[in-house]
Amino acid sequence: MNRKNPHYNDDPLPKIIYYNGKTLRVSRKLGCGSFGVIYRAINIKTKKVYAVKFEKRDNDVLLLELEYKAYKIMNKNRKKKHNGIPKI
């Protein structure tokens, strides 16, 4: 278990992930909370930097899926960039 966050186990992290046609190299941890951990990831081809959130698989409710849907609604038809709302 993580000493800073006892609710999250330090599970082995994949070094390379494939998502939506992108190949991302996961590097350092940016932060953690009660339901997951956020890591820095770099697109191997374009070198674009992303923040990737990993959620524990044993959660009763998949909060990451609900969070994704909320961000998608907030970003719908937005005409300008809003600070603090991640782009999905």
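**A four-stranded antiparallel sheet**

In this predicted model, 4 strands make up an open sheet with the order S1-S2-S3-S4, and the pairing is antiparallel. Strands here are DSSP runs of E with at least two residues, numbered from the N terminus, and two of them count as paired if DSSP finds at least two bridges between them. The edges belong to strand S1 (16–19) and strand S4 (49–55); each has a single partner strand, so one side of each is left with no neighbour in the sheet. From one strand to the next, the twist averages 45°, with axes taken as lines fitted to C-alpha atoms and angles running from 0 to 180 degrees between N-to-C directions.

Next, the pairings themselves. Strand S2 (residues 22–32) runs antiparallel to S3, with 6 bridges in that pairing. Gly 31 sits opposite Ile 38 in S3, and a hairpin of 3 residues takes S2 into S3. Ile 38 also has a bridge partner in S4, namely Lys 53.

Strand S3 (residues 36–43) pairs with S4 over 7 bridges, again in the antiparallel sense. Across this pairing, Ala 41 faces Tyr 50 in S4. The S3 and S4 hairpin has 5 residues between the strands, and Lys 47 in its turn shows a positive phi of about 70°.

As for conventions, residues are numbered from 1 along each chain as its sequence is written, and side-chain values use heavy atoms, leaving out hydrogens and water. Local features need pLDDT of at least 70 and side-chain atom pairs count only at pLDDT 80 or more, while totals for chains, interfaces and linings use all residues.
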